[in-house]
Amino acid sequence: MSDVAIYGPDDKPLPDAMRAAARMQMTKNRMMASTAYQGAASDHPSLAKWRPGTWSGQSALSWNRVDLVDRLNDVARNDGWGAAGTSRLVDNIIGSGWTLAARPNHVSLNMTFEQADAISDRIEALWRDYTQDVDKWCDAERTKTMAGILGLAARQRFGPEGEAMGVIVWHDNAPLFQTAVHVVDPARCSNPNGRMDDEFLRDGVVINGYGAPQGYHFRKSHPGEVFAGNTGLWQWEYVERETEWGRPIVVHAFEQKRAGMTRGVSDWAPIIRSIKQSTDYEDFESQAAALNAVMAAFIETPFDPEEFLDAMGEDVSAQKVASVYGEMSDAQKAYYSAAPIDLPGVRINMLQPGEKATLTKPEHPNANFEAFVNAALRKVASAIGITYEQLTMDWSNVNYSSARAALLEIWRGLTAKKGGFAAQFMAPIYRAFLEEVFDKGLIELPADAVPFDQNPAAWCHADWIGPGRGWIDPLREAQAAGERIENNLTTLQQESAEQGRDWKMDALQRARERSFYEKLGLPMGPADVSARPRVNPADDREPGEDTEEEVNGRKSARRHPVGIPAIARRKPA
């Protein structure tokens, strides 16, 4: 091979260095074409030009976050499915707000369970006064109760931004509690003056060597707020994560999908292309259908004025052609004026002699239109963690079994989302509130109890009761809950929380109602679940069969366990 000369485009032999580089590249190509993992090969047409690059979780987001969030916000504003998906998530996770169930660790705090329970009742009462204040002092903007704050933050966390931010401020002029929450748009958090990220500054977040946030740079004005005299566009304020004694200041809730991420990315990001394509397809189909509706017919005519004039030896000109059309129109008008056609309620259109109307056959929407859109919506629903039926509100193809399975599966995902959001967003706010409560002496502690400042983590244990899971078959599910409680497989607290209820508040209300009925001498009615009718366990129907019939509105013949319909037969005489 050393005797073979290879010439370049200049008719000169290639240098030895270039030939060596070519041989090296050929060797690499052969090695890449025979990889152990086919997904890493380059010989397949689908993979040959796929070079995504090596990105860390945060670097991939820092370079693309602004454009990505802007596009997702546009989807949330202008696309019905985008707006519906976020609303469904907020409704299922936040609902009308969360109820506090305080659970201070009585063991760590050197108290008895009864003492901790009594203090919990006091904390919950103060929390209701704070979060449901009619004057809305818990909100720095004084426009929302805590339920509204949660709802707004959840729309950011589970919507386009993929994260929720807030600042816990101190209102000196508040009448009872000075702790207030200011929800901040995540777009305001950025590097001052467009600085590049460095070792300890990542997309507006100052971190330490372990990546733990130390503080946040907030632009004083949203980058999209352009108005006369707005100097806050190019001014940043640095806010520490917490005070020197540990009181939270900045609240930041997001899902860290890869190690090292300091900002959040939306669950909508992987499906934004599908949403855009689906929306464009819907627009194209609508335009095509409208065009077919407007241009519904065409006129076919054998009459050619130019040929007619030419056969008569006349000069063919635009004026002559127009004159022929005008004379024919005048003749038609005179004829039908003398002998009009009158059919009540019917409009008759006349054509020129020899003409006929040909109707088009619209082919839009396309036969596959609905299947394509439904497939795209299923992908959207799966990515954000709800069912297709919840997203579209289309329950036409749902039966009891599928609804029950979907409810159980989706509820696990929603519970996980709620737990993460509660730990990152609500827990710091609750901690700041408790610090103020104890600092003001609004709770009297037992003699040997550990004070708040010595163990705030033990005092901040709490459950957050959100919207209820709901029932598909209320009778069966209520009976099942009663069986679980009776067999010590669950607690009244857990069963009530799954339905968005506080068992203590329910018990107090029931006691009040019972006392009122007794005062009036009225019977309260059976309260024992065992007094209610139960489904016969010896029924040979499959579980849920009768419920499915009731839910779906149809009756079917009872069947033998092997599937044979049960037919009433006469006994032989």
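Phe 452 is placed in the loop between H11 and helix H12 (456-459), helices (H or I, at least four residues) and strands (E, at least two) being DSSP runs numbered from the N terminus. At 6% relative accessibility, Phe 452 counts as buried, a term for residues under 20% relative accessible area, with exposed meaning over 50% and partly exposed in between (1.4 Å probe, protein chains only). The model is predicted: local features need pLDDT of at least 70 and side-chain atom pairs count only at pLDDT 80 or more, while totals for chains, interfaces and linings use all residues. Residues are numbered from 1 along each chain as its sequence is written, and side-chain values use heavy atoms, with hydrogens and water left out.

- Leaving aside neighbours within four places in sequence, Phe 452 is in contact (heavy atoms within 4.5 Å) with Arg 431, Leu 434, Glu 435, Phe 438, Trp 459 and Cys 460.
- Phe 452 and Arg 431 are 21 residues apart in sequence, and their C-alpha atoms are 9.9 Å apart in space.
- Ile 386 is found in the loop between H9 and helix H10 (388-392), and this residue is buried, with a relative accessible area of 4%.
- Contacts of Ile 386, apart from neighbours within four places in sequence, are made with Gly 85, Arg 88, Leu 89, Ala 381, Leu 391 and Ile 410.

**Nonpolar cores**

- A nonpolar core is a set of buried Ala, Val, Leu, Ile, Met, Phe, Trp, Tyr and Cys residues joined through side-chain atoms within 4.5 Å.
- The largest nonpolar core has 65 residues, of which Phe 421, Phe 425 and Tyr 430 touch the most other members.
- Helix H11 (residues 400-439) gives the most to this core, with 13 residues.
- Not counting residues up to four places away in sequence, Phe 425 touches Ile 149, Leu 150, Ala 153, Ala 164, Met 165, Val 251 and Ala 253.
- Another core, of 11 residues, lies apart from it, and its members include Val 167, Cys 189, Val 205 and Val 239.

**Strands E2 and E3**

- Strand E2 (residues 163-170) and E3 run antiparallel and are joined by six bridges; two strands pair if DSSP finds at least two bridges between them.
- Val 167 has His 182 as its bridge partner in E3.
- Strand E3 (residues 179-184) is mostly covered, five of its six residues being buried.

**Cavities**

- On a 1 Å grid over the protein atoms alone, a cavity is a set of points where a 1.4 Å probe fits but cannot get out, a pocket is an open set with protein on both sides within 12 Å along at least five of seven lines, and lining residues have an atom within 4 Å of a point.
- The structure holds two cavities of 30 Å³ or more, a volume being the space filled by probe spheres set on the points, which are joined across faces, edges and corners.
- The largest cavity holds about 70 Å³ of space and is lined by Asp 79, Trp 81, Ser 274, Ile 275, Ser 278, Thr 279, Ala 376, Leu 377 and Val 380.
- Helix H6 (272-294) and helix H9 (369-384) each supply at least two residues of this lining, and the largest share, four residues, comes from H6.
- The lining of the largest cavity divides into five nonpolar, three polar and one charged, where Ala, Val, Leu, Ile, Met, Phe, Trp, Tyr, Cys and Pro count as nonpolar, Asp, Glu, Lys and Arg as charged, and the others, Gly among them, as polar.
- The second largest cavity, of about 50 Å³, is lined by Leu 72, Val 75, Ala 76, Gly 82, Thr 86, Gly 159, Pro 160 and Trp 268.
- H2 gives the most to the lining of the second largest cavity, with three residues, and this lining has five nonpolar, three polar and no charged residues.

**Second largest pocket**

- The second largest pocket contains about 760 Å³ of space.
- Its lining has 34 residues, of which Ser 62, Arg 65, Val 66, Ser 190 and Asp 203 lie nearest the centre of the pocket.
- H2 gives the most to this pocket lining, with 12 residues.

**Whole chain**

- The protein chain has 16 helices and 11 strands, and buried residues make up 33% of its 573 residues.
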